[in-house]
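Colleague: I have this model open and would like to talk through its side-chain contacts. Could you start with the terms you use?

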Amino acid sequence: MALLSLRDISFTWGGTPLLEHVDLEIERGERIGLLGRNGAGKSTLMKILSGEVAPDDGDVLSGPQVRIARLIQEVPVAAGGQLVAELVAEGYETDPDPAHQWEAEEAVARVLARMEIDGDQAFATLSSGMKRRALLARALVHEPDLLLLDEPTNHLDIESITWLEGHLKKYDGALLFVTHDRSFLESLSGRILEIDRGRLYDWTCDYATFLKRKQLQLDAEERQNELFDKKLAEEEVWIRQGIKARRTRNEGRVRALKALRKERSQRRERIGNVKMQAGLADPSGQLVVELKNVSFGYGDRPLVRDFSALISRGDKIGIIGPNGAGKSTLLKLILGDLQPTSGTIRQGTNLRVIYFDQLREQIDEEKTVVENVGEGQELLTINGQSKHIYGYLQDFLFTPERARRPARYLSGGERNRLLLARIFKRPSNLLVLDEPTNDLDAETLELLEELVTEYGGTVLLVSHDRTFLNNVVTSTIYVQGDGHVREYDGGYDDFVRQRDVQERLTPSPSLPRSAASLAGPAVKKPKLSFKERQELESIPDKIEALEQEQAGLHGQMADPAFFKQSAPDIAAATRRLETLAAELREIYDRWTLLSERE
């Protein structure tokens, strides 16, 4: 028997149904990623599964004594000085008999140890990452058979996200989770569910396969709709011919036309995509910002120590590090909002900056969307073109009705779209984004990624989204949290590769003195030989050739005709793609090793 089943479930909050005649079965131990546009009904489906919301129609069936727990998207405010252990204990369904109280206490102690949390800390004093960890402990304390996770990576730093991935991979129960983090989704999911226009699609595959199949489905749907609309248009022309259409022998055709009209009226169109474009100012100077031996801290705590960097026009720089390490502080230093305690910061000429802040402090909760974005203007000028405020907001998926509502009623994803609409109307040549990806659906996230990639100016990006960083940035600054700040070439995966090589070659300066001494004295690296220097000079050409072949294969696989080939041909191309990826990893590692000895 399935762990949990939905039979012909329908639900609406009023207006268009969120779920229509949905069926679902969840088996023990499954890892399921739940996808859908913002507002499609993902959280509602989770509430139905957990029993918090009853469906309008249909049945929710579960096996005997199945335990379900849900980790909500929002971080609640703990009452008073509630301790972590008290919060976690709330998740244990205790027997009212005091004789069984010890079972709850043991379960709480066990999960706190496993989650590496101090139960005697006040919940309110924890960082965002540790609060999420405590809430996960509350969900896990009674060892649920099904764990529902709603955006579990929100506001976590990359180290916490990778910890959570590892922990959930070892979890024995079934998982169903919603996340905007594509790396997290790829790592954990073995099955993909998607809510689209009220229907639930079960793709029964991993995320990478889902992306290919979904595109093929959309292409087929588009072709089918075009043929249907063409036939309907032809029949409408025929009916307008008059008397011929009303003859008895044509009554069947008239009835068929009415059926076509009814079917067309019931079609639920896909929600359109956001149409983002950033207003561009005149180019800045070639030098954007230069930092020389910059240091900054609060009291006895150094956040930046002796850091130097040169940011040039067109650079796209990712800034990563643990929560509280000083990423936002470094941004403020670069922008001139803070002055360093030592060192110098020189800004270039003609800088026009727009800033996306992760706390959304630019949004006035009491003002409407129109008032927040328009700021008193009905006509906006975007890249030289005049646009009415309501038309501009429709590009960001705000209907006129939604645009007239106060900002306090918006969802997390809508708040992000509001702030993007507000900042992108202004011309700029330096785009500063502090955690822009939280709460965005996959389609909007990909469009933002495309906009940032094609942006003609300079970009500074603070993000915990590894896929976004890999696809957008040209270099990565790692803020370690103890004052050490270092810049690496490439995106997140490139940073990890270079850092791992660096740590193998030299002990980390952040290691305690005893650990550093155990690593032994630093070995002086020999200079390059003539042969090695020749090898180093030839590596860029080799990388270019491999990447061109890799891009060519990706292009072939993006063509639906590719999958019409024989299975051996498809398998050979897939193996070659894996071989190319391995060769590129090896040659990048070799490049890093030789470059550091140059």
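Modeller: Buried means under 20% relative accessible area, exposed means over 50%, and partly exposed is in between, with a 1.4 Å probe and protein chains only. This is a predicted model, in which local features need pLDDT of at least 70 and side-chain atom pairs count only at pLDDT 80 or more, while totals for chains, interfaces and linings use all residues. Residues are numbered from 1 along each chain as its sequence is written, and side-chain values use heavy atoms, with hydrogens and water left out.

Colleague: How many salt bridges does the structure hold?

Modeller: There are 24 salt bridges, each being a side-chain nitrogen of Lys or Arg within 4 Å of a carboxyl oxygen of Asp or Glu.

Colleague: What are the N to O distance and the partner for Asp 202?

Modeller: Asp 202 meets Arg 191 in a salt bridge at 2.6 Å, N to O. This pair links distant parts of the chain, with Asp 202 in strand S9 (residues 199-202) and Arg 191 in strand S8 (residues 191-196), eleven residues apart; strands (E, at least two residues) and helices (H or I, at least four) are DSSP runs, numbered from the N terminus.

Colleague: Is Arg 191 buried or exposed?

Modeller: Arg 191 is buried, at a relative accessible area of 8%, whereas Asp 202 is partly exposed at 38%.

Colleague: And how far apart are Arg 576 and Glu 583 at their closest N and O atoms?

Modeller: Those atoms of Arg 576 and Glu 583 are 3.8 Å apart, and the two residues form a salt bridge. Arg 576 counts as partly exposed at 29% relative accessibility, and Glu 583 also counts as partly exposed, at 30%.

Colleague: Switching to rings, how many aromatic pairs does a search of the whole structure find?

Modeller: The search finds eight aromatic pairs, where rings of Phe, Tyr and Trp (its six-membered ring) pair if their centres lie within 6.5 Å, and planes under 30 degrees apart count as stacked, over 60 as edge-to-face and the rest as tilted.

Colleague: Why is the pair of Phe 177 and Phe 184 edge-to-face?

Modeller: Their ring planes stand at 85 degrees, with the centres 5.6 Å apart, so Phe 177 and Phe 184 make an edge-to-face pair. Both Phe 177 and Phe 184 are buried.

Colleague: Which residues form one aromatic cluster?

Modeller: Tyr 478, Tyr 488, Tyr 492 and Phe 495 form that cluster. In helix H17, the buried residues include Tyr 492 and Phe 495.
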